[in-house]
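This report describes selected features of one protein model, from individual backbone positions to the packing of a helix pair. Please consult the sequence and the structure alongside the text.

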Amino acid sequence: MAKAASPRSSKPAASPKSAAAKSSPKDAQADDNFALHSLQEDFEANRRYKAKKDELLSLYETMLLIRRFEEKAGQLYGLGLIGGFCHLYIGQEAVAVGLQSALTEGKDSVITGYRDHGHMLAYGIDPKVIMAELTGRQAGISHGKGGSMHMFSTEHAFYGGHGIVGAQVPLGAGLAFAHKYNDDGGITLAYFGDGAANQGQVYETFNMASLWQLPIVFVVENNQYAMGTSVKRSSAETHFYRRGTAFRIPGIAVNGMDVLEVRQAAEVAFQHVRAGGGPVLLELNTYRYRGHSMSDPAKYRTREEVQDQREHNDPIERVKADLAGLKVSEEALKDIDKAIRARVNEAAEFAENSPEPEPAELYTDVLVESY
């Protein structure tokens, strides 16, 4: 018989009298306070991760790689070399880099929505095969059949790239169930946006993940506008980190424009999950500079608002300031930028010069059942 991931550990049932003797309204209140506040309080005690210079440089390089890659992808889309939908990650780099830098490669799983290029780059996947996928080439990571929205790399435990809003959340719970079933010590990071946060399947998943104490971190990338509607107009509860409270899932509110704050939140959340504490909900307050997709003119916000974010809250500029404090020169940072631009240009050239898939490729990677 197949084994099942058990809910919380079973204990002999106490009689009503003995249960009443052992618990009190005060105890229940303390338990509720744990569910609501404990991880947030741990995080508040030290909000920023103390990175060494080499570590901070690595975070900076990955964030800058995502920024330059996405800028190039926007250019290629404008030239008609990328077709279909294309959702850029510009402005949100600190989220994926801060969280995924704390994961254990080859052990933990990641799943996300269709704004997925940045998550793949944060996981160390070759920008050449990502760009080739965006342009529909055989050399792409999904052989040109996934495009911008549906990229996978099982080798890196990256499970997409999903076009249906919120659908990745229950799939992420399945990945977490597998980690628990196999007792492999891995955890799952499941990203979704503020728009997807109002999907019913998200809350069904919260309930199941909490009942079974699955090793999963739910991440709301709150970029303020979903597809184009402000969270204040679409959500009754705009503090998304509270959304798990009814399911006894502790939440943490995080500045998603500060990679060191994101990394520190990851340290707190991942430690809780790895210790068997069950799921955690992180709200990463961030901001995308471009529209929802390349076809979105973003007329629902002002240019002044976007410019204000760029000037006062840019995640990459924040890291540059931190690096300056560690005596990293402006010249050294310019050299890093130059090298990354060259790497991205090389990825674009690789993609443009790669052949398109043969027609026979349509018949590969297709699951067919026999009935």
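Asp183 has a relative accessibility of 68% and therefore counts as exposed, a class that requires over 50% relative accessible area, whereas buried means under 20% and partly exposed lies in between (1.4 Å probe, protein chains only). The model is predicted: local features need pLDDT of at least 70 and side-chain atom pairs count only at pLDDT 80 or more, while totals for chains, interfaces and linings use all residues. Residues are numbered from 1 along each chain as its sequence is written, and side-chain values use heavy atoms, with hydrogens and water left out.

**Backbone positions**

Most residues other than glycine have a negative phi, and most peptide bonds are trans. Asp183, in the loop between α7 and β2 (188–193), has a positive phi near 50 degrees. Ala226 also has a positive phi, near 45 degrees, and is located in the loop between β3 (216–222) and α9 (231–234). Ala226 counts as buried because its relative accessibility is 18%.

| Residue | Phi | Relative accessibility |
|---|---|---|
| Asp183 | near 50 degrees | 68% |
| Ala226 | near 45 degrees | 18% |

A cis peptide bond, with omega about 20 degrees, links Gly160 to Gly161. Gly161 belongs to the loop between α6 (127–134) and α7 (168–182).

**Packing of α3 and α4**

Two packed helices are described by the angle between their axes and the distance between the axes. For helix α3 (residues 53–78) and helix α4 (residues 93–100), the axes come within 9 Å and cross at roughly 140 degrees; axes are lines fitted to C-alpha atoms over the stretch in contact, with angles from 0 to 180 degrees between N-to-C directions. The angle makes α3 oblique to α4, since angles under 35 degrees count as roughly parallel, over 145 as roughly antiparallel, 65 to 115 as roughly perpendicular and the rest as oblique.

On the α3 side, Leu59, Thr62, Met63, Ile66 and Arg67 meet Glu93, Ala94 and Val97 of α4, where contact means heavy atoms within 4.5 Å. By class, this contact of α3 with α4 comprises five nonpolar, one polar and two charged residues.

**The protein as a whole**

The protein contains 13 helices and five strands; helices (H or I, at least four residues) and strands (E, at least two) are DSSP runs numbered from the N terminus. Of the 371 residues, 50% are buried. Among contacts between residues at least 6 apart in sequence, 77% join residues at least 24 apart.

Key: Nonpolar A, V, L, I, M, F, W, Y, C, P; charged D, E, K, R; others polar.
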